[in-house]
4 protein chains.
Amino acid sequence: MELENLAIRKLEERGVKIEDIAEITLFLQEKYIENLSIDDCISYVKDVITKRESINAILTAIAIDEVAEKRLIDNEICNIILEDSGLYGIDEILALSIVNVHGSIALTNFGYADKIKPGIVKVLDNIGKQKQQCHTFLDDIVCAIAASAASRIAHYGIEKSK
Amino acid sequence: MELENLAIRKLEERGVKIEDIAEITLFLQEKYIENLSIDDCISYVKDVITKRESINAILTAIAIDEVAEKRLIDNEICNIILEDSGLYGIDEILALSIVNVHGSIALTNFGYADKIKPGIVKVLDNIGKQKQQCHTFLDDIVCAIAASAASRIAHYGIEKSK
Amino acid sequence: MELENLAIRKLEERGVKIEDIAEITLFLQEKYIENLSIDDCISYVKDVITKRESINAILTAIAIDEVAEKRLIDNEICNIILEDSGLYGIDEILALSIVNVHGSIALTNFGYADKIKPGIVKVLDNIGKQKQQCHTFLDDIVCAIAASAASRIAHYGIEKSK
Amino acid sequence: MELENLAIRKLEERGVKIEDIAEITLFLQEKYIENLSIDDCISYVKDVITKRESINAILTAIAIDEVAEKRLIDNEICNIILEDSGLYGIDEILALSIVNVHGSIALTNFGYADKIKPGIVKVLDNIGKQKQQCHTFLDDIVCAIAASAASRIAHYGIEKSK
């Protein structure tokens, strides 16, 4: 599907590969599933990204990050988004559009990943803090996709991808 | 607080007055509370808008509507936002940042208002459909504020504002 | 699957047939989908009930209603549940376990159905008010299943069931 | 308020003191707030418990745990609740009634606490696993209250309690 490929391409343009997200999923789920491989996780991450909710969330999140980065919106909200304060909260809410459709395991894993910032999430966070690029919305989207893939693995096991 | 006044001013710039939102709150709650007046509702709507979650949601929602309207974002997501399909769903999710902090009564009233589109919500929806302006996110924000004010009235009654 | 059949049987024991829920789905969705039939809706309602989240929510909701009805829990919380006040709110939250996994269209339809109480929802509500049985949790579960089926129809159309 | 005291008493009966919850809040928030004390955290935990949503959630959660423990509900759902599988999910959903009204910071902290099970949460989890008592719902409620108190501290700072 065309929009799905666009979503994957936009993620890559912004510095996030499918493998980066799959590594977080592996980190979240390997203690529960024996022999879980990075390839299993890549397969499940792709399943999550196929969903319309994910595509819409990815494209919207990146659009907001980009207009904030280019300062195409009013100064006050632009500064709030660029600052990425914990008190802003709209970035986590937008990510819920992906998390919610994947159930409670996705929700707790999302909160966990959002707090500990594994792998690419920390990279995005650091780039954002250096004011080079704005990843206020994207880092939460990455956590949401990784956590949702972890939930799918918990629900369906690893047989499916084999 | 300065940001609160900015939020109110942006709402007005986009065609929404506090009174317009308060009328929806009155419509939602007058069958449960005797002698509920439009002034009571205005007071509760202002209480909702004072909250940080509301200010952030209002300013972000309007920023997205504006960049879509001016076509400052990628074509594909721009067209999706302008079309405001029921399948998009990110607009309702963003509004949840206001609704969630006001509890279950806010949630059911939000769903109800979003479906029947009372007063200014219908006006915004029609303007959006004529492609004059984009109100894809704003109409859900208006429903969210009105529903949250209705929830506060259900919880605290009308004495407070008198 | 055995648990799914148990969930359907418990719904029937408490006075709710699949057809009753499908009628609400038809009511919610017929204005958007041409030629939507009650049989289409029954098929989608069954799809929703197949999900683990739905089975767990149905069985838990009915268990709480039953222990409240038989007064097997502490007096204070028992009375709060039997009263089914709008300010209680836990019944709507439990129903979200079904609604959330079906996206934004399920959410707004849930709020709408919860407010207008179509068909069997009103019947359950009235029985509850006469203190014959407790349906504090069940009526929200019925709204949640009907709204989630409506969301599936909006997403996948009616071809699937034909 | 009487119901608030009942909620605190029921928590204690089930093995959870206010101080136990406050210690989790301190653990969650001390890296962000200088000089945050356990007394500050106790004060904020009490604020959270005062809310109607919290009281209703606490009393309902404990009621379900107790009827499962005493096997007063149907065998199938009783076994599912006693097992406390990650796939059950209704316990996390019920806890959201507290978390949601405290915003995004509460949500991510809830997911984090639910995964790492600090302090009393691990104690409850272990007792539950030994089938001595059922704490399937209570451990999530404890995470929810602690995370919500952490969110209040992030929003309002520690001045308030001094």
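Contact here requires that the C-beta atoms of two residues, placed from the backbone, lie within 7 Å. The model is predicted: local features need pLDDT of at least 70, side-chain atom pairs count only at pLDDT 80 or more, and totals for chains, interfaces and linings use all residues. Residues are numbered from 1 along each chain as its sequence is written, while chains are lettered from A and ligands numbered from 1 in the order in which they are written.

In the interface of chains A and B, 26 residues of chain B are in contact with 26 residues of chain A. Four helices of chain B each supply at least two residues of the side that touches chain A: H1 (2-13), H4 (52-69), H5 (75-83) and H6 (90-99). Helices (H or I, at least four residues) and strands (E, at least two) are DSSP runs, numbered from the N terminus. H4(B) gives the largest share of this side, ten residues. By class, the side of chain B that touches chain A holds 17 nonpolar, four polar and five charged residues. Ala, Val, Leu, Ile, Met, Phe, Trp, Tyr, Cys and Pro count as nonpolar; Asp, Glu, Lys and Arg count as charged; the others, Gly among them, count as polar.

Chain B is superposed on chain A by a rotation of 180° with 0.0 Å of shift along its axis, at an RMSD of 0.0 Å. The two copies are thus related as by a two-fold rotation axis. In chain B, the C-alpha nearest the axis belongs to Leu94(B), 2.9 Å from it. Superposition is by least squares on the C-alpha atoms of residues with pLDDT of at least 70 in both copies.

A rotation of 180° with 0.0 Å of shift along its axis superposes chain A on chain C, with an RMSD of 0.0 Å. Val101(A) comes closest to this rotation axis among the residues of chain A, with its C-alpha at 1.8 Å. The same surface serves both copies, as 100% of the contact residues of chain A recur in chain C. Here four residues of chain A are in contact with four residues of chain C. The side of chain A that touches chain C has one nonpolar, two polar and one charged residues.

In chain B, the axes of H6(B) and H9(B) (residues 138-156) come within 9 Å and cross at roughly 25°. Axes are lines fitted to C-alpha atoms, for helices over the stretch in contact, and angles run from 0 to 180 degrees between N-to-C directions. H6(B) and H9(B) are therefore roughly parallel to each other. Angles under 35 degrees count as roughly parallel, over 145 as roughly antiparallel, 65 to 115 as roughly perpendicular and the rest as oblique. The crossing of H6(B) past H9(B) is right-handed. A crossing is left-handed if the near helix is turned anticlockwise from the far one by less than a right angle, and right-handed if clockwise. H6(B) contributes Asp91(B), Glu92(B), Ala95(B), Ile98(B) and Val99(B) to the contact. Among the residues from H9(B) are Asp140(B), Ile141(B), Cys143(B) and Ala144(B). The contact of H6(B) with H9(B) divides into eight nonpolar, one polar and three charged residues.

In chain A, H4(A) (residues 52-69) and H9(A) (residues 138-156) pack at an angle of about 160°, with their axes 9 Å apart. These two helices, H4(A) and H9(A), are therefore roughly antiparallel to each other. H4(A) passes H9(A) in a left-handed crossing. Ser54(A), Ala57(A), Ile58(A), Ala61(A), Ile62(A) and Asp65(A) of H4(A) make the contact with Leu138(A), Ile141(A) and Ile145(A) of H9(A). The residues of this contact divide into seven nonpolar, one polar and one charged.

Helix H9 (residues 138-156) of chain C holds Val142(C). Val142(C) counts as buried, with 29 C-beta neighbours inside 10 Å. A residue is buried if 20 or more other C-beta atoms lie within 10 Å of its own, exposed if 12 or fewer, and partly exposed in between. Leaving aside neighbours within four places in sequence, Val142(C) is in contact with Val16(C), Ile21(C), Ile120(C), Val121(C) and Leu124(C). Val142(C) and Leu124(C) are 18 residues apart in sequence and 9.7 Å apart in space, C-alpha to C-alpha.

Lys131(B) lies in the loop between H8 (120-129) and H9 of chain B. Lys131(B) is exposed, with 10 other C-beta atoms within 10 Å. Its phi is positive, about 60°, although Lys131(B) is not a glycine.
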